[in-house]
Amino acid sequence: MEVEIPQLESVKRQLMNHQRPKKPKMLVVDDEPDNLDLLYRTFRRNFNVFKAESGVRALEILEDEGEVAVIISDQRMPEMKGTEFLSKTVPQFPNTVRIILTGFTDIEDLVDAINSGQVYKYITKPWDPNELKAVVERAAETYELLNQRTAELNRAQAQTQLLATIMEVAQVATNQESLLTTIAEAVAKQFQADVCILQSIQDNQLAPTVGHYSGAGVGENWLDRDPIVQEALTTRSVQASINITADATLATLPHYQSSGIQAHINAPIRYRDRQIALLSIQWKHPCQMSPDDLTTIYLVAQQIALAVISLDH
């Protein structure tokens with residue numbers, strides 16, 4: 001469930017505006033070209049539709065394109081039945097919703113497939129277009145709900161692991177630099193960032209003690225001349241640009257041009273009313289994280305504060 005944190009709302013709006021919904025993917029499989037074309041024309045307006053004339057070809061498309069929201073497959077096809085093809089997609093794409101088109105009464109195969117969770121619904125041929133559209137609409141909604149639940153579970157597990165890592169590091173670290181470096185690496189890997197810098201703050205200014213992680217090796221630390229960082233320190237709140245190439249002011253700055261960083265999120269680390277460090281997370285592509293991921297960063301920042309203070313004491 002999303003946590004409402006007022007200081008994050010501006011950055012969350014950036015994320016939502018940047019990540020406008022894309023058409024969900026659909027795969028239609030039928031050995032009859034006329035049926036394939038009809039299915040494509042029926043759903044192309046609301047879906048990014050891929051066509052396959054056999055189960056073998058459909059598996060190749062999934063290998064290239066990855067997960068799709070909905071698969072509609074004919075049951076009676078040469079080489080491979082529809083139910084057999086669909087069963088092969090379950091292990092890799094458990095959230096995909098599968099629909100069978102059948103023109104005959106092969107009830108046993110269909111019942112087994114439905115009972116095992118491999119098939120969401122079957123539609124008899126010739127199908128009613130309105131019925132099929134209604135079924136596909138519900139299927140797409142089901143897929144979205146499954147994805148949301150999976151993402152929430154994965155996020156909760158990852159957040160728990162990251163918070164546990166921070167506390168473990170706090171117990172074994174012998175100095176602040178090693179603490180900051182280890183935490184920076186853990187945060188970078190959690191959010192698939194190219195660079196993460198965790199730098200101490202004294203008197204509301206960046207201080208020399210720093211933990212620096214870069215997937216490409218140690219890079220330049222230019223936080224002291226970055227306007228997003230200065231705004232974060234001044235406002236004492238999370239500040240970000242999730243698509244720097246679209247920001248005319250930031251895109252021209254030499255350190256962004258030389259580093260290739262295209263998204264930058266900064267979270268002040270505060271203990272009580274004192275700023276003690278700054279967490280900078282950087283990507284070489286526009287930011288793809290969700291608004292809920294931003295909440296996780298905020299919660300992680302609070303845990304980092306406790307870790308840093310515990311080392312000082």
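Biologist: Over how many bridges do strands β6 and β10 pair?
Modeller: This is a predicted model, in which local features need pLDDT of at least 70 and side-chain atom pairs count only at pLDDT 80 or more, while totals for chains, interfaces and linings use all residues. Residues are numbered from 1 along each chain as its sequence is written, and side-chain values use heavy atoms, without hydrogens and water. Two strands pair if DSSP finds at least two bridges between them. Strand β6 (residues 195–202) runs antiparallel to β10, and the bridges number six.

Biologist: Which residue of β10 is the bridge partner of Val195?
Modeller: Helices (H or I, at least four residues) and strands (E, at least two) are DSSP runs numbered from the N terminus. β10 also pairs with β9 (residues 263–271), antiparallel over nine bridges. There His264 stands opposite Gln282. The partner of Val195 is Gln282.

Biologist: How many of the ten residues of β10 are buried?
Modeller: Buried means under 20% relative accessible area, exposed over 50%, and partly exposed in between (1.4 Å probe, protein chains only). Strand β10 covers residues 274–283 and is mostly covered. The buried residues number nine.

Biologist: Why does Arg272 count as exposed?
Modeller: Arg272 lies in the loop between β9 and β10, a hairpin with two residues between the strands. Its phi is positive, about 55°, although Arg272 is not a glycine. Arg272 counts as exposed because its relative accessibility is 71%.

Biologist: What is the omega of the peptide bond from Lys125 to Pro126?
Modeller: Pro126 sits in the loop between β5 (121–124) and α6. The bond is cis, with omega near -10°.
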